[in-house]
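Here is a friendly walk through one protein model, meant to be read with the structure open beside you. Take a moment to find your way around first.

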Amino acid sequence: MKPLVLSVVDAFAVYGLVALAGQRSWWAFAAMLAGTLAINVIYLGKRRVPAKYLAPGVVLLLLYQVYVVLYTGYAAFTNYGDGHNGTKQDAVAAILAASEVRVPGSPVQQVRIVERGGELGFLVSGRVGSATRPLIPGADADGWRPLTYAEVVARQAEITALRVPVPGQGSLRTSDAVTAATYRSTRRYDERAGTVTDPTGTVYRDDGHGRFVAPDGRALSPGWKVFVGLENFRTVLTDPGIRGPFLGVLGWTFAFAGLSVGLMFALGLGLALVLDRPGLRGHRAYRSLIVFPYAFPAFMAAILWQGLLNSDHGFVNAVLLGGGHVPWLTDPWLAKLSVLAVNVWIGFPYMFLICTGALKAIPPALTEAAQLDGANPWRVLRHVKLPMLLAATAPVLVATFAFTFNNFNVIYMLTGGGPRDASSPVDIGSTDLLISLVYKLAFGGSARNYGLACAVSILIFAVIAAISLAGFRRARRLEGS
(Lines give C-alpha, C1' and ligand atoms only; values in the text may rest on other atoms or scores of the structure.)
Protein backbone atom coordinates (compact mmCIF):
# COMPACT_ATOMS: atom_id res chain seq x y z
CA MET A 1 0.00 0.00 0.00
CA LYS A 2 2.81 2.39 0.94
CA PRO A 3 4.62 2.10 -2.44
CA LEU A 4 1.34 2.71 -4.25
CA VAL A 5 0.61 5.90 -2.27
CA LEU A 6 4.17 7.16 -2.76
CA SER A 7 3.89 6.45 -6.48
CA VAL A 8 0.77 8.59 -6.72
CA VAL A 9 2.42 11.40 -4.74
CA ASP A 10 5.54 11.24 -6.93
CA ALA A 11 3.42 11.28 -10.09
CA PHE A 12 1.69 14.49 -8.99
CA ALA A 13 5.04 15.93 -7.95
CA VAL A 14 6.59 15.23 -11.36
CA TYR A 15 3.61 16.87 -13.07
CA GLY A 16 3.98 19.92 -10.83
CA LEU A 17 7.75 20.09 -11.38
CA VAL A 18 7.31 20.04 -15.16
CA ALA A 19 4.69 22.81 -14.97
CA LEU A 20 6.88 24.94 -12.68
CA ALA A 21 9.89 24.46 -14.94
CA GLY A 22 7.82 25.56 -17.93
CA GLN A 23 6.86 28.73 -16.06
CA ARG A 24 10.48 29.22 -14.89
CA SER A 25 9.35 29.35 -11.26
CA TRP A 26 12.66 28.05 -9.96
CA TRP A 27 12.09 28.84 -6.27
CA ALA A 28 8.84 26.88 -6.25
CA PHE A 29 10.51 24.15 -8.32
CA ALA A 30 13.32 23.80 -5.77
CA ALA A 31 10.87 23.76 -2.84
CA MET A 32 8.67 21.08 -4.43
CA LEU A 33 11.69 18.96 -5.39
CA ALA A 34 13.12 19.15 -1.86
CA GLY A 35 9.74 18.29 -0.34
CA THR A 36 9.25 15.30 -2.65
CA LEU A 37 12.70 13.94 -1.88
CA ALA A 38 12.15 14.43 1.86
CA ILE A 39 8.83 12.56 1.77
CA ASN A 40 10.40 9.63 -0.08
CA VAL A 41 13.35 9.45 2.32
CA ILE A 42 11.06 9.56 5.36
CA TYR A 43 8.53 6.96 4.24
CA LEU A 44 10.83 4.54 2.44
CA GLY A 45 13.10 4.20 5.45
CA LYS A 46 12.38 1.87 8.37
CA ARG A 47 13.35 4.42 10.99
CA ARG A 48 12.28 8.03 11.53
CA VAL A 49 8.95 6.92 13.00
CA PRO A 50 8.13 10.36 14.54
CA ALA A 51 8.82 12.04 11.20
CA LYS A 52 6.31 9.73 9.51
CA TYR A 53 3.54 11.16 11.70
CA LEU A 54 4.77 14.75 11.68
CA ALA A 55 5.43 15.04 7.93
CA PRO A 56 1.79 15.45 6.72
CA GLY A 57 1.08 18.17 9.28
CA VAL A 58 4.34 19.97 8.49
CA VAL A 59 3.61 19.88 4.75
CA LEU A 60 0.11 21.29 5.24
CA LEU A 61 1.47 23.93 7.63
CA LEU A 62 4.03 25.03 5.05
CA LEU A 63 1.48 25.12 2.24
CA TYR A 64 -1.48 26.76 3.94
CA GLN A 65 0.19 28.91 6.60
CA VAL A 66 3.87 29.65 6.01
CA TYR A 67 3.61 30.04 2.23
CA VAL A 68 0.49 32.21 2.50
CA VAL A 69 2.11 34.48 5.11
CA LEU A 70 5.34 34.82 3.12
CA TYR A 71 3.52 35.51 -0.15
CA THR A 72 1.29 38.09 1.55
CA GLY A 73 4.39 39.80 2.88
CA TYR A 74 5.99 39.76 -0.56
CA ALA A 75 2.88 41.06 -2.36
CA ALA A 76 2.50 43.92 0.14
CA PHE A 77 5.71 45.46 -1.21
CA THR A 78 4.65 45.25 -4.87
CA ASN A 79 2.06 46.94 -7.09
CA TYR A 80 0.38 43.58 -7.75
CA GLY A 81 -3.22 44.09 -8.91
CA ASP A 82 -5.39 44.69 -11.96
CA GLY A 83 -3.24 46.02 -14.76
CA HIS A 84 -0.06 44.88 -12.97
CA ASN A 85 -0.29 41.10 -12.99
CA GLY A 86 2.53 39.85 -15.18
CA THR A 87 6.06 40.64 -16.27
CA LYS A 88 7.26 43.56 -18.35
CA GLN A 89 7.62 41.24 -21.34
CA ASP A 90 3.97 40.19 -21.00
CA ALA A 91 2.89 43.84 -20.74
CA VAL A 92 4.82 44.84 -23.87
CA ALA A 93 3.30 41.94 -25.82
CA ALA A 94 -0.22 42.93 -24.69
CA ILE A 95 0.33 46.63 -25.52
CA LEU A 96 1.60 45.83 -29.01
CA ALA A 97 -1.17 43.29 -29.60
CA ALA A 98 -3.86 45.80 -28.57
CA SER A 99 -2.78 48.18 -31.33
CA GLU A 100 -2.59 45.61 -34.13
CA VAL A 101 -4.35 46.39 -37.41
CA ARG A 102 -4.62 44.33 -40.52
CA VAL A 103 -1.85 44.92 -43.02
CA PRO A 104 -3.41 46.62 -46.08
CA GLY A 105 -3.63 44.24 -49.02
CA SER A 106 -2.64 41.17 -46.99
CA PRO A 107 -4.31 38.03 -48.39
CA VAL A 108 -6.72 35.86 -46.44
CA GLN A 109 -5.16 32.41 -46.05
CA GLN A 110 -6.75 29.07 -45.28
CA VAL A 111 -5.47 27.64 -41.99
CA ARG A 112 -5.87 24.54 -39.88
CA ILE A 113 -5.39 24.57 -36.14
CA VAL A 114 -2.76 22.06 -35.04
CA GLU A 115 -1.32 21.02 -31.70
CA ARG A 116 1.88 19.46 -30.41
CA GLY A 117 2.67 18.89 -26.75
CA GLY A 118 -0.13 21.24 -25.69
CA GLU A 119 1.14 24.08 -27.91
CA LEU A 120 -1.21 25.43 -30.60
CA GLY A 121 -0.12 26.40 -34.08
CA PHE A 122 -1.32 27.30 -37.59
CA LEU A 123 -0.89 24.97 -40.54
CA VAL A 124 -0.71 27.12 -43.67
CA SER A 125 0.17 25.59 -47.08
CA GLY A 126 2.19 22.80 -45.49
CA ARG A 127 4.04 25.16 -43.14
CA VAL A 128 3.52 25.27 -39.38
CA GLY A 129 4.04 28.19 -37.04
CA SER A 130 3.20 28.89 -33.42
CA ALA A 131 3.63 31.67 -30.90
CA THR A 132 7.23 30.54 -30.31
CA ARG A 133 7.91 29.28 -33.83
CA PRO A 134 7.72 31.77 -36.74
CA LEU A 135 5.93 30.76 -39.90
CA ILE A 136 8.78 30.46 -42.38
CA PRO A 137 9.17 28.62 -45.71
CA GLY A 138 10.17 25.02 -45.21
CA ALA A 139 8.80 24.72 -41.68
CA ASP A 140 7.63 21.10 -41.57
CA ALA A 141 4.50 19.80 -39.90
CA ASP A 142 6.00 16.64 -38.41
CA GLY A 143 4.56 15.83 -35.00
CA TRP A 144 1.75 18.36 -35.26
CA ARG A 145 -1.79 16.99 -34.97
CA PRO A 146 -4.84 18.74 -36.47
CA LEU A 147 -7.51 19.55 -33.87
CA THR A 148 -11.00 18.15 -34.20
CA TYR A 149 -14.02 20.44 -34.35
CA ALA A 150 -14.86 19.72 -30.70
CA GLU A 151 -11.30 20.56 -29.63
CA VAL A 152 -11.39 23.81 -31.62
CA VAL A 153 -14.60 24.82 -29.88
CA ALA A 154 -13.19 23.91 -26.47
CA ARG A 155 -10.02 25.99 -27.03
CA GLN A 156 -11.62 28.85 -28.95
CA ALA A 157 -10.30 31.57 -26.63
CA GLU A 158 -6.72 30.29 -26.98
CA ILE A 159 -7.03 30.09 -30.77
CA THR A 160 -8.34 33.64 -31.21
CA ALA A 161 -5.59 34.94 -28.91
CA LEU A 162 -2.85 33.09 -30.83
CA ARG A 163 -0.43 35.17 -32.90
CA VAL A 164 2.04 33.43 -35.18
CA PRO A 165 4.99 35.64 -36.17
CA VAL A 166 5.68 36.08 -39.89
CA PRO A 167 9.21 37.50 -40.34
CA GLY A 168 9.20 40.93 -41.96
CA GLN A 169 5.39 41.12 -42.20
CA GLY A 170 3.78 40.95 -38.77
CA SER A 171 1.77 38.08 -37.33
CA LEU A 172 -1.05 35.80 -38.44
CA ARG A 173 -4.35 35.91 -36.52
CA THR A 174 -7.65 34.12 -36.93
CA SER A 175 -11.12 34.84 -35.65
CA ASP A 176 -12.92 31.78 -37.03
CA ALA A 177 -10.23 29.03 -36.93
CA VAL A 178 -10.62 28.68 -40.71
CA THR A 179 -9.01 31.75 -42.24
CA ALA A 180 -6.18 34.00 -41.11
CA ALA A 181 -4.76 37.37 -42.13
CA THR A 182 -1.57 39.29 -41.39
CA TYR A 183 -1.67 41.96 -38.69
CA ARG A 184 0.94 44.47 -37.59
CA SER A 185 1.12 46.64 -34.47
CA THR A 186 0.93 50.41 -34.98
CA ARG A 187 3.11 50.89 -31.90
CA ARG A 188 6.85 50.26 -31.80
CA TYR A 189 8.81 49.00 -28.82
CA ASP A 190 12.48 49.91 -28.44
CA GLU A 191 13.93 47.33 -26.07
CA ARG A 192 17.26 49.12 -25.72
CA ALA A 193 15.70 52.46 -24.80
CA GLY A 194 12.78 50.86 -22.94
CA THR A 195 10.20 52.99 -24.74
CA VAL A 196 6.96 52.49 -26.69
CA THR A 197 6.12 54.88 -29.53
CA ASP A 198 2.57 55.23 -30.88
CA PRO A 199 1.55 56.27 -34.43
CA THR A 200 1.39 59.96 -33.44
CA GLY A 201 5.02 59.92 -32.34
CA THR A 202 4.26 60.07 -28.61
CA VAL A 203 6.94 58.25 -26.63
CA TYR A 204 5.94 56.32 -23.52
CA ARG A 205 8.77 55.62 -21.07
CA ASP A 206 9.14 53.24 -18.15
CA ASP A 207 8.33 55.32 -15.05
CA GLY A 208 9.88 52.81 -12.65
CA HIS A 209 6.48 51.92 -11.21
CA GLY A 210 5.50 49.25 -13.72
CA ARG A 211 3.98 51.51 -16.40
CA PHE A 212 4.81 53.15 -19.70
CA VAL A 213 3.95 56.83 -19.24
CA ALA A 214 3.87 59.70 -21.77
CA PRO A 215 5.20 63.20 -20.93
CA ASP A 216 1.62 64.43 -20.44
CA GLY A 217 0.93 61.73 -17.81
CA ARG A 218 -1.04 59.29 -19.95
CA ALA A 219 -0.19 55.64 -19.24
CA LEU A 220 -0.47 52.54 -21.38
CA SER A 221 -2.32 49.51 -20.10
CA PRO A 222 -1.50 46.94 -18.93
CA GLY A 223 1.48 47.54 -16.70
CA TRP A 224 3.60 44.96 -14.92
CA LYS A 225 4.42 43.88 -11.40
CA VAL A 226 7.39 45.60 -9.73
CA PHE A 227 8.74 46.09 -6.20
CA VAL A 228 7.45 49.39 -4.75
CA GLY A 229 8.81 49.19 -1.21
CA LEU A 230 6.68 50.90 1.42
CA GLU A 231 4.47 52.71 -1.09
CA ASN A 232 1.35 50.66 -0.25
CA PHE A 233 1.74 51.38 3.46
CA ARG A 234 2.27 55.09 2.75
CA THR A 235 -0.87 55.08 0.61
CA VAL A 236 -2.95 53.64 3.43
CA LEU A 237 -1.59 56.08 6.02
CA THR A 238 -1.14 59.29 4.00
CA ASP A 239 -3.38 59.26 0.91
CA PRO A 240 -6.48 61.34 1.81
CA GLY A 241 -8.71 59.15 -0.35
CA ILE A 242 -7.67 56.01 1.56
CA ARG A 243 -6.61 57.28 4.98
CA GLY A 244 -9.99 58.75 5.98
CA PRO A 245 -12.07 55.66 5.09
CA PHE A 246 -9.37 53.41 6.57
CA LEU A 247 -9.38 55.22 9.92
CA GLY A 248 -13.19 55.17 9.97
CA VAL A 249 -13.24 51.43 9.36
CA LEU A 250 -10.48 50.94 11.95
CA GLY A 251 -12.51 52.79 14.60
CA TRP A 252 -15.68 50.82 13.84
CA THR A 253 -13.72 47.56 13.90
CA PHE A 254 -12.44 48.32 17.42
CA ALA A 255 -15.94 49.35 18.52
CA PHE A 256 -17.53 46.25 16.98
CA ALA A 257 -15.00 43.86 18.53
CA GLY A 258 -14.97 45.54 21.94
CA LEU A 259 -18.74 45.89 22.25
CA SER A 260 -19.32 42.37 20.96
CA VAL A 261 -16.95 40.78 23.47
CA GLY A 262 -18.23 42.95 26.33
CA LEU A 263 -21.90 42.23 25.62
CA MET A 264 -21.27 38.53 25.01
CA PHE A 265 -19.40 38.22 28.30
CA ALA A 266 -21.98 40.23 30.27
CA LEU A 267 -24.92 38.29 28.86
CA GLY A 268 -23.20 34.93 29.19
CA LEU A 269 -22.10 35.66 32.76
CA GLY A 270 -25.56 36.91 33.75
CA LEU A 271 -27.27 33.80 32.44
CA ALA A 272 -24.62 31.57 34.01
CA LEU A 273 -25.20 33.20 37.39
CA VAL A 274 -28.96 32.83 37.09
CA LEU A 275 -28.75 29.15 36.16
CA ASP A 276 -26.09 28.48 38.81
CA ARG A 277 -28.66 28.86 41.58
CA PRO A 278 -29.05 25.56 43.44
CA GLY A 279 -32.44 23.89 43.18
CA LEU A 280 -33.51 25.73 40.01
CA ARG A 281 -36.07 23.64 38.20
CA GLY A 282 -35.65 22.96 34.47
CA HIS A 283 -32.08 24.26 34.40
CA ARG A 284 -31.08 21.59 31.87
CA ALA A 285 -33.80 22.69 29.44
CA TYR A 286 -32.82 26.35 29.91
CA ARG A 287 -29.18 25.56 29.21
CA SER A 288 -30.12 23.65 26.07
CA LEU A 289 -32.14 26.60 24.78
CA ILE A 290 -29.33 29.05 25.55
CA VAL A 291 -26.74 26.93 23.72
CA PHE A 292 -29.08 26.50 20.74
CA PRO A 293 -27.73 29.51 18.72
CA TYR A 294 -24.21 28.16 19.14
CA ALA A 295 -25.25 24.94 17.36
CA PHE A 296 -25.80 26.86 14.11
CA PRO A 297 -22.87 27.65 11.81
CA ALA A 298 -22.23 31.40 11.99
CA PHE A 299 -22.72 32.01 8.28
CA MET A 300 -26.08 30.21 8.30
CA ALA A 301 -27.23 32.23 11.29
CA ALA A 302 -26.24 35.47 9.54
CA ILE A 303 -28.19 34.48 6.41
CA LEU A 304 -31.20 33.61 8.60
CA TRP A 305 -31.09 36.99 10.32
CA GLN A 306 -30.71 38.75 6.98
CA GLY A 307 -34.13 37.39 6.04
CA LEU A 308 -35.64 38.13 9.45
CA LEU A 309 -34.46 41.76 9.30
CA ASN A 310 -35.53 42.39 5.71
CA SER A 311 -37.19 45.83 5.69
CA ASP A 312 -40.00 44.82 3.29
CA HIS A 313 -41.14 41.34 4.28
CA GLY A 314 -38.89 40.22 7.14
CA PHE A 315 -40.40 38.55 10.19
CA VAL A 316 -39.29 41.33 12.56
CA ASN A 317 -41.01 44.11 10.61
CA ALA A 318 -43.96 42.17 9.23
CA VAL A 319 -44.95 40.31 12.41
CA LEU A 320 -43.26 41.70 15.51
CA LEU A 321 -43.64 45.36 14.45
CA GLY A 322 -47.05 44.92 12.82
CA GLY A 323 -46.00 45.72 9.26
CA GLY A 324 -43.55 48.52 10.08
CA HIS A 325 -40.84 49.55 7.66
CA VAL A 326 -37.65 49.80 9.73
CA PRO A 327 -34.49 49.83 7.53
CA TRP A 328 -32.47 47.50 9.76
CA LEU A 329 -29.85 46.71 7.12
CA THR A 330 -29.95 49.81 4.90
CA ASP A 331 -29.65 52.64 7.43
CA PRO A 332 -25.99 53.17 8.46
CA TRP A 333 -26.58 53.28 12.24
CA LEU A 334 -29.31 50.65 12.32
CA ALA A 335 -27.12 48.37 10.20
CA LYS A 336 -24.31 48.69 12.75
CA LEU A 337 -26.74 47.96 15.56
CA SER A 338 -28.07 44.95 13.64
CA VAL A 339 -24.69 43.33 12.93
CA LEU A 340 -23.67 43.93 16.55
CA ALA A 341 -26.87 42.34 17.89
CA VAL A 342 -26.61 39.35 15.55
CA ASN A 343 -22.96 38.80 16.43
CA VAL A 344 -23.80 38.89 20.16
CA TRP A 345 -26.69 36.46 19.57
CA ILE A 346 -24.32 34.05 17.82
CA GLY A 347 -21.51 34.34 20.37
CA PHE A 348 -23.06 34.69 23.82
CA PRO A 349 -23.73 30.92 24.26
CA TYR A 350 -19.97 30.34 24.04
CA MET A 351 -19.40 32.85 26.85
CA PHE A 352 -22.22 31.23 28.81
CA LEU A 353 -20.46 27.86 28.62
CA ILE A 354 -17.10 29.35 29.59
CA CYS A 355 -18.55 31.27 32.53
CA THR A 356 -20.56 28.25 33.69
CA GLY A 357 -17.42 26.15 33.79
CA ALA A 358 -15.46 28.90 35.56
CA LEU A 359 -18.20 29.31 38.20
CA LYS A 360 -18.22 25.57 38.87
CA ALA A 361 -14.46 25.74 39.45
CA ILE A 362 -14.76 28.35 42.23
CA PRO A 363 -14.54 26.57 45.61
CA PRO A 364 -17.88 26.90 47.46
CA ALA A 365 -15.94 27.52 50.68
CA LEU A 366 -14.85 30.97 49.42
CA THR A 367 -18.42 32.04 48.78
CA GLU A 368 -19.59 30.69 52.12
CA ALA A 369 -16.77 32.49 53.96
CA ALA A 370 -17.70 35.80 52.30
CA GLN A 371 -21.35 35.32 53.23
CA LEU A 372 -20.43 34.55 56.82
CA ASP A 373 -18.48 37.81 56.91
CA GLY A 374 -21.71 39.61 56.01
CA ALA A 375 -21.14 40.16 52.27
CA ASN A 376 -24.30 40.50 50.20
CA PRO A 377 -24.64 38.70 46.81
CA TRP A 378 -23.35 41.77 44.90
CA ARG A 379 -20.21 42.00 47.05
CA VAL A 380 -19.63 38.25 46.72
CA LEU A 381 -19.84 38.57 42.94
CA ARG A 382 -17.68 41.67 42.75
CA HIS A 383 -14.93 40.78 45.21
CA VAL A 384 -14.84 36.97 45.10
CA LYS A 385 -16.33 35.48 41.97
CA LEU A 386 -15.55 38.13 39.35
CA PRO A 387 -11.77 38.35 40.03
CA MET A 388 -11.48 34.58 39.80
CA LEU A 389 -13.68 34.52 36.70
CA LEU A 390 -11.55 37.14 34.96
CA ALA A 391 -8.34 35.29 35.83
CA ALA A 392 -9.78 32.11 34.28
CA THR A 393 -11.45 33.68 31.25
CA ALA A 394 -9.00 36.47 30.33
CA PRO A 395 -7.17 34.38 27.68
CA VAL A 396 -10.55 33.41 26.20
CA LEU A 397 -11.64 37.05 26.08
CA VAL A 398 -8.42 38.05 24.30
CA ALA A 399 -8.83 35.24 21.77
CA THR A 400 -12.50 36.13 21.23
CA PHE A 401 -11.58 39.77 20.66
CA ALA A 402 -8.99 38.75 18.05
CA PHE A 403 -11.53 36.46 16.35
CA THR A 404 -14.27 39.12 16.37
CA PHE A 405 -11.83 41.71 15.03
CA ASN A 406 -11.58 39.57 11.88
CA ASN A 407 -15.16 38.24 11.85
CA PHE A 408 -15.76 38.28 8.10
CA ASN A 409 -18.73 35.88 8.01
CA VAL A 410 -21.30 37.95 9.89
CA ILE A 411 -20.51 41.19 8.05
CA TYR A 412 -20.38 39.65 4.58
CA MET A 413 -23.46 37.46 4.95
CA LEU A 414 -25.64 40.01 6.76
CA THR A 415 -24.90 43.36 5.07
CA GLY A 416 -22.00 42.79 2.66
CA GLY A 417 -20.32 45.69 4.44
CA GLY A 418 -23.12 48.07 3.44
CA PRO A 419 -24.85 50.36 3.24
CA ARG A 420 -22.38 51.92 0.83
CA ASP A 421 -20.76 55.19 1.86
CA ALA A 422 -21.43 57.39 -1.20
CA SER A 423 -19.00 60.08 0.01
CA SER A 424 -16.03 57.70 0.09
CA PRO A 425 -13.77 57.49 -3.00
CA VAL A 426 -13.31 53.75 -2.42
CA ASP A 427 -15.86 50.94 -2.05
CA ILE A 428 -16.48 51.08 1.70
CA GLY A 429 -19.72 50.58 3.63
CA SER A 430 -20.90 51.61 7.05
CA THR A 431 -20.50 48.13 8.55
CA ASP A 432 -17.23 47.16 6.87
CA LEU A 433 -14.54 45.78 9.14
CA LEU A 434 -10.87 45.84 8.23
CA ILE A 435 -11.08 42.25 7.02
CA SER A 436 -14.01 42.99 4.69
CA LEU A 437 -12.15 46.10 3.48
CA VAL A 438 -9.23 43.83 2.57
CA TYR A 439 -11.63 41.55 0.69
CA LYS A 440 -13.06 44.46 -1.29
CA LEU A 441 -9.60 45.82 -2.14
CA ALA A 442 -8.47 42.41 -3.33
CA PHE A 443 -11.57 40.96 -4.99
CA GLY A 444 -14.31 43.58 -5.15
CA GLY A 445 -15.04 46.17 -7.81
CA SER A 446 -13.27 46.60 -11.12
CA ALA A 447 -9.86 47.73 -9.82
CA ARG A 448 -8.46 44.94 -7.68
CA ASN A 449 -5.35 45.95 -5.76
CA TYR A 450 -3.78 42.86 -4.21
CA GLY A 451 -0.65 44.68 -3.05
CA LEU A 452 -2.63 47.28 -1.12
CA ALA A 453 -4.89 44.57 0.35
CA CYS A 454 -1.83 42.63 1.54
CA ALA A 455 -0.44 45.80 3.14
CA VAL A 456 -3.69 46.31 5.06
CA SER A 457 -3.56 42.64 6.10
CA ILE A 458 -0.12 43.18 7.61
CA LEU A 459 -1.39 46.25 9.47
CA ILE A 460 -4.29 44.17 10.83
CA PHE A 461 -1.82 41.54 12.00
CA ALA A 462 0.26 44.20 13.75
CA VAL A 463 -2.81 45.58 15.54
CA ILE A 464 -4.06 42.14 16.60
CA ALA A 465 -0.58 41.09 17.75
CA ALA A 466 -0.20 44.22 19.88
CA ILE A 467 -3.65 43.83 21.46
CA SER A 468 -3.17 40.12 22.10
CA LEU A 469 0.26 40.68 23.68
CA ALA A 470 -1.15 43.37 25.99
CA GLY A 471 -4.15 41.18 26.82
CA PHE A 472 -2.09 38.13 27.71
CA ARG A 473 0.22 40.22 29.88
CA ARG A 474 -2.85 41.52 31.73
CA ALA A 475 -4.12 37.96 32.06
CA ARG A 476 -0.85 36.90 33.71
CA ARG A 477 -1.19 39.76 36.22
CA LEU A 478 -4.73 38.63 37.07
CA GLU A 479 -3.50 35.06 37.60
CA GLY A 480 -0.72 36.34 39.84
CA SER A 481 -3.11 38.40 41.92
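## The model

Please keep in mind that this is a predicted model.

## How H12 meets H14

Two packed helices are described by the angle between their axes and the distance between the axes. Helix H12 covers residues 332–361 and helix H14 covers residues 377–405; the two pack at an angle of about 145°, and their axes are 10 Å apart. The crossing of H12 past H14 is right-handed.

Which residues of H12 meet H14? They are Asn-343, Tyr-350, Met-351, Ile-354, Cys-355, Ala-358 and Leu-359. On the H14 side, their partners are Lys-385, Leu-389, Ala-392, Thr-393, Val-396, Leu-397, Thr-400 and Thr-404. The residues of this contact comprise 10 nonpolar, four polar and one charged.

## A closer look at H12

H12 has 30 residues, and from its first C-alpha to its last it reaches 43 Å, close to the 44 Å expected at 1.5 Å a residue. Along the way there is a kink of about 40° at Gly-347, shortly before the proline Pro-349.

At the start of H12, look for Asp-331: one of its side-chain oxygens comes to within 3.2 Å of the backbone nitrogen of Trp-333.

## Helix H8 and its cap

Helix H8 runs over residues 240–275, which makes 36 residues. Its reach from first C-alpha to last is 52 Å, close to the 52 Å expected at 1.5 Å a residue.

What caps the N-terminal end of H8? Asp-239 does, with a side-chain oxygen 2.9 Å from the backbone nitrogen of Gly-241.

## Backbone details in the loops

Ser-221 and Pro-222 are joined by a cis peptide bond, with omega about 5°. Pro-222 sits in the loop between strand S13 (212–213) and helix H7 (231–238). Another cis peptide bond runs from Gly-418 to Pro-419, where omega is near 0°. Pro-419 is found in the loop between helix H15 (408–414) and helix H16 (434–443).

Finally, visit Ala-177, in the loop between strand S8 (170–173) and strand S9 (179–185). Although Ala-177 is not a glycine, its phi is positive, at about 65°.

Notes. Residues are numbered from 1 along each chain as its sequence is written. This is a predicted model: local features need pLDDT of at least 70, side-chain atom pairs count only at pLDDT 80 or more; totals for chains, interfaces and linings use all residues. Side-chain values use heavy atoms; hydrogens and water are left out. Axes are lines fitted to C-alpha atoms, for helices over the stretch in contact, and angles run from 0 to 180 degrees between N-to-C directions. Helices (H or I, at least four residues) and strands (E, at least two) are DSSP runs, numbered from the N terminus. A crossing is left-handed if the near helix is turned anticlockwise from the far one by less than a right angle, and right-handed if clockwise. Contact means heavy atoms within 4.5 Å. Ala, Val, Leu, Ile, Met, Phe, Trp, Tyr, Cys and Pro count as nonpolar, Asp, Glu, Lys and Arg as charged, and the others, Gly among them, as polar. The expected span of a helix is 1.5 Å times one less than its number of residues. The bend at a residue is the angle between axes fitted to the seven residues ending there and the seven starting there. A polar contact is a pair of N or O atoms within 3.5 Å; within protein, one must be able to donate a hydrogen and the other to accept it, and residues adjacent in sequence count only if both atoms are side-chain atoms.
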